[in-house]
Amino acid sequence: MRIRDAIEADLPAIVTIYNATVPTRMVTAELEPVSVESRVPWFCEHAPNTYPLWVAEVNDQIAGWLSFKEFIPRSAYRGTSEVSVYVGDQFRRGGIARRLLEKAIERSPALRLHTLVGLIFAHNEPSLQLFARLGFQRWGLLPRVARLDGIERDLTIVGRHLALPA
């Protein structure tokens with residue numbers, strides 16, 4: 001497996017992986033698939049030295065991706081980033097999400113980040129367990145903030161403090 005910065009040509013594969021999670025109602029609050037065109041502005045918000053977007057390749061195929069996102073756009077939160085990770089159906093349970101998150105933890109100080117945050121549906125136990133195995137703690141719960149097919153869902157906030165950037 002190789003992890004690298006995403007390029008715009010990767011966007012169709014990134015969107016395909018993302019859209020596969022929409023009907024599961026486990027990972028994203030999107031209720032309908034998104035288009036590649038609608039994700040171009042999101043893609044452009046990422047930069048390798050601030051808020052990267054990485055893809056994981058297996059046999060020259062994009063197997064998953066991880067994005068860093070500005071947490072809250074106020075100066076005092078500059079060292080905190082929200083991370084999101086998605087893996088293609090055929091590559092799940094192969095350690096891809098773990099490797100992407102491990103790299104995020106490792107590279108965060110070089111990105112001048114001291115805190116990583118994840119927002120995960122409370123019913124998404126596999127993701128909660130993965131983040132917990134990598135040292136993330138449950139920091140909060142937003143009860144019944146999402147409605148998926150008429151079912152109210154809780155959102156768990158997980159976080160991890162890292163070494164202070166140099």
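What percentage of the 166 residues in the chain do buried residues make up? Here are some notes, with the answer in point 2.

1. A word on the basis: this is a predicted model, where local features need pLDDT of at least 70, side-chain atom pairs count only at pLDDT 80 or more, and totals for chains, interfaces and linings use all residues. Numbering runs from 1 along each chain as its sequence is written, and side-chain values use heavy atoms, with hydrogens and water left out.

2. Buried residues make up 43% of the chain, where buried means under 20% relative accessible area (1.4 Å probe, protein chains only). The chain exposes about 9100 Å², with 51% of that supplied by carbon and sulfur atoms (Shrake-Rupley method, 1.4 Å probe).

3. The fold has four helices and seven strands, in the order β-α-α-β-β-β-α-β-α-β-β along the sequence. These are DSSP runs numbered from the N terminus: helices are H or I with at least four residues, strands E with at least two.

4. On overall shape, the radius of gyration is 15 Å, which agrees with the value near 15 Å for a compact globule of 166 residues (C-alpha atoms; the rule is 2.2 Å times the number of residues to the power 0.38). The C-alpha trace spans about 45 × 40 × 30 Å along its principal axes.

5. Of the contacts (heavy atoms within 4.5 Å) with a separation of 6 or more, 63% are between residues 24 or more positions apart.

Note on methods
Buried means under 20% relative accessible area, exposed over 50%, partly exposed in between (1.4 Å probe, protein chains only).
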